[in-house]
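Dear colleague,

My notes on what was found follow it.

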Amino acid sequence: MIREMTVNDYDQMIELWSRIEGLAISNADSKSNIEKYLNRNKGLSCVYEEEGRIAGTILCGHDGRRGFIYHVAVDPEFRQRKIGQRMVDLCLGKLKEEGIDKCHIFVLDDNEVGNRFWSRTGWDRRSGFSVYSRDTD
């Protein structure tokens, strides 16, 4: 079952994320930061749950102009069931309802599974620009 993500899912989510090859976890993924993200982007993120176990996640939000998806993860034991695609489609529909017409996802170059998934499911790999990051402190 796909349902809205809540902060109460955090412990199972972080455990799943830590097992997913290619998914980078940072300080931005603390419980308090995830709670802030969910509150700021009400109803946009979801989990796939089966028999009380979180087996899929997707963080989704927007800045009023563009949508962003993070941490799409499906437990390897649950793959090949189109869970990831269903969660992505659900989130894209929610973004559309909020007037957002384009969505981005950042995928690490060496994340082979992730890059195959996004290419296979109709996403265009962008080039011609670089992403720069800096801590705020």
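**Findings: Asp29 and its surroundings**

The side chains of D29 and H71 make a polar contact with each other, at 3.0 Å. Please bear in mind that this is a predicted model.

D29 lies in the loop that connects α1 (10-19) with α2 (31-40). Beyond the neighbours within four places in sequence, D29 is in contact with Y10, I14, W17, A24, I34 and H71.

Which side chain of opposite charge is nearest to D29? It is K36, and K36 is 12 Å away. D29 is buried yet has no salt bridge; a salt bridge would require a side-chain nitrogen of Lys or Arg within 4 Å of a carboxyl oxygen of Asp or Glu.

Most residues other than glycine have a negative phi. Two residues are described here with regard to this angle.

H71, although not a glycine, has a positive phi of about 50 degrees. Is H71 buried or exposed? Its relative accessible area is 15%, so H71 counts as buried, the cut-off being under 20%.

Q80 is likewise a residue other than glycine, and its phi is positive, near 70 degrees. Q80 is located in the loop between β4 and α3 (83-97). With a relative accessibility of 81%, Q80 counts as exposed, for which the cut-off is over 50%.

**The chain as a whole**

The secondary structure comprises 4 helices and 5 strands. Along the sequence these elements follow the pattern β-α-α-β-β-β-α-β-α. The radius of gyration of the chain is 14 Å, close to the 14 Å that the globule rule gives for 137 residues, so the chain is as compact as a globular protein of that length. Along its principal axes, the C-alpha trace spans about 45 × 35 × 35 Å.

Of the 137 residues in the chain, 39% are buried. The chain exposes about 8900 Å², and carbon and sulfur atoms supply 46% of that area. As for contacts between residues at least 6 apart in sequence, 62% of them join residues at least 24 apart.

Yours sincerely

Technical notes:
Residues numbered from 1 in each chain as written. Predicted model: local features only at pLDDT ≥ 70, side-chain atom pairs only at ≥ 80, totals over all residues. Heavy atoms only, no water. Helix = DSSP H or I, 4+ residues; strand = E, 2+ residues; numbered from the N terminus. Buried < 20%, exposed > 50% of the residue type's maximum accessible area, 1.4 Å probe, protein only. Lys, Arg positive; Asp, Glu negative; His and termini not counted. Polar contact = N/O pair within 3.5 Å; in protein donor to acceptor, adjacent residues only side chain to side chain. Contact = heavy atoms within 4.5 Å. Rg over C-alpha atoms; globule rule 2.2 N^0.38 Å. Areas by Shrake-Rupley, 256 points an atom, 1.4 Å probe, with all protein chains shown as cover.
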